[in-house]
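Hello,

Here is the structure I promised to send over. Please have a look at it first, and then read my notes below.

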Amino acid sequence: MADPTPTPGIHHVTCIAGDPQQNMDFWVETLGLRLVKRSINQDDPGTYHFFFADAEGTPGTSMTFFPWEDLSQGKVGSGQVSRTAFRVPEGSLDYWEQRFDEYGVDYDDRVERFGETVLPFRDPDGLPVELVEVEIPEDDPTVPWTEFVPEEYAIRGFHSVTLWLADPEPTKDLLETMGFEEVGTEQAQGDTPGDERTRFAAAGPVGAYVDVLPTIEGGRQGHGTVHHVAFQTPTDEDQAAMRQAVQSEGLRPTQQINRHWFRSVYFREHGGVLFELATSEPGYTSDEPLEDLGGRLVLPGKFENRRDEIEAGLTDVTVPRAEQAEADD
Ligand code: ZN
């Protein structure tokens with residue numbers, strides 16, 4: 001069987017939050033991402049699904065959340081994505097530290113990792129996030145959203161995810177099957193367990209890295225943890241081939257599921273992390289024009305018939321707007 005087309009990298013990361021308004025305020029106003037889709041969890045329509053991304057919802061930029069208010073606080077541990085890192089332009093971390101001071105964000109000292117500078121912090125639910133300074137090329141596919149954060153500092157999609165695994169070896173093989181290449185190992189530092197961080201790189205340029213760290217520390221899903229990470233399989237053919245390759249490794253991928261803005265296949269990898277494969281098409285502009293993204297609650301397919309009932313079951317949220325922030329001063 002021919003090898004599948006290597007994945008270019010991460011497509012999106014989906015996490016669990018608590019209060020939806022707090023989640024919205026932090027990711028839109030404090031971090032400056034664009035709300036590109038306001039929808040519901042298609043398996044649990046009483047819960048929102050928020051998608052925060054760059055200006056155009058480019059694959060490799062969307063951080064999405066299920067605000068499950070009834071769930072309790074989670075704990076990051078083995079079998080999870082332990083850290084989600086975003087790219088920011090070189091020289092922008094001073095700006096971010098100042099902004100974090102202003103907004104009362106809980107952040108740590110910068111660390112150097114594989115020659116890059118990393119600023120670790122936590123969102124209001126305790127989710128561990130990192131900003132990594134990188135040189136943004138002229139022809140970068142991401143489009144900065146500048147409502148709250150100026151272009152020269154704006155987040156430019158994913159840099160990496162870090163996986164915490166009890167036994168990283170089978171997962172390393174899987175990553176290679178998916179088209180990642182091992183590019184280096186270094187001593188882990190900062191707040192991470194284990195002693196060795198191994199980096200895998202895809203072609204990128206966005207969300208190109210997966211880091212793997214061994215740990216036996218137990219985790220629990222809840223507020224402040226990652227639910228799953230999705231990797232790009234741009235076309236249905238790419239996805240079918242990748243699905244087959246994953247199945248040949250003894251994993252049990254689902255059939256393709258239509259997620260309305262992309263088509264998806266899910267599987268739990270060897271270490272217990274939920275992986276998804278997501279197509280590039282049709283994208284977030286398939287049901288709302290670019291200028292209106294995130295403007296209304298979008299109910300895909302059959303859920304539109306139940307709009308009144310669904311809206312009544314959701315907590316009201318207000319999307320922060322820059323002009324409102326000024327008016328409040
Ligand atoms: Zn997903």
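**Pockets, zinc site and rings**

The second largest pocket holds about 160 Å³ of space. This is a predicted model, where local features need pLDDT of at least 70, side-chain atom pairs count only at pLDDT 80 or more, and totals for chains, interfaces and linings use all residues. Residues are numbered from 1 along each chain as its sequence is written, and side-chain values use heavy atoms, with hydrogens and water left out.

A pocket here is an open set of points on a 1 Å grid over the protein atoms alone, where a 1.4 Å probe fits, with protein on both sides within 12 Å along at least five of seven lines; lining residues have an atom within 4 Å of a point. Volume is the space filled by probe spheres set on the points, which are joined across faces, edges and corners. Helix H1 (residues 20-30) gives the most to the lining of this second pocket, with five residues; helices (H or I, at least four residues) and strands (E, at least two) are DSSP runs numbered from the N terminus. Other parts of the chain contribute too, with Tyr103, Arg122 and Pro124 among the lining residues.

The largest pocket has about 300 Å³ of space. Of its 19 lining residues, Asp43, Phe66, His228, Arg259 and Tyr266 are the closest to the centre.

His228 also turns up at the metal: the zinc ion is coordinated by His12 (NE2), His228 (NE2) and Glu276 (OE), at 1.9 to 2.1 Å. Donors are N, O and S atoms within 2.8 Å of the metal (3.2 Å for Na, K and Ca), and water is not among the atoms, so sites may look incomplete. His228 in strand E14 and Glu276 in strand E17 are 48 residues apart. Both His228 and Glu276 are buried (under 20% relative accessible area; exposed is over 50%, partly exposed in between, with a 1.4 Å probe and protein chains only).

There are 20 aromatic pairs, counted when ring centres of Phe, Tyr and Trp (its six-membered ring) lie within 6.5 Å; planes under 30 degrees apart are stacked, over 60 edge-to-face and the rest tilted. Tyr95 and Tyr153 are stacked, at 4.0 Å centre to centre and 5 degrees between the planes. Tyr95 is buried at 18%, whereas Tyr153 is partly exposed at 22%. Phe262 and Tyr284 are edge-to-face, at 6.4 Å and 85 degrees, and Phe262 and Tyr284 are both buried.

Best wishes
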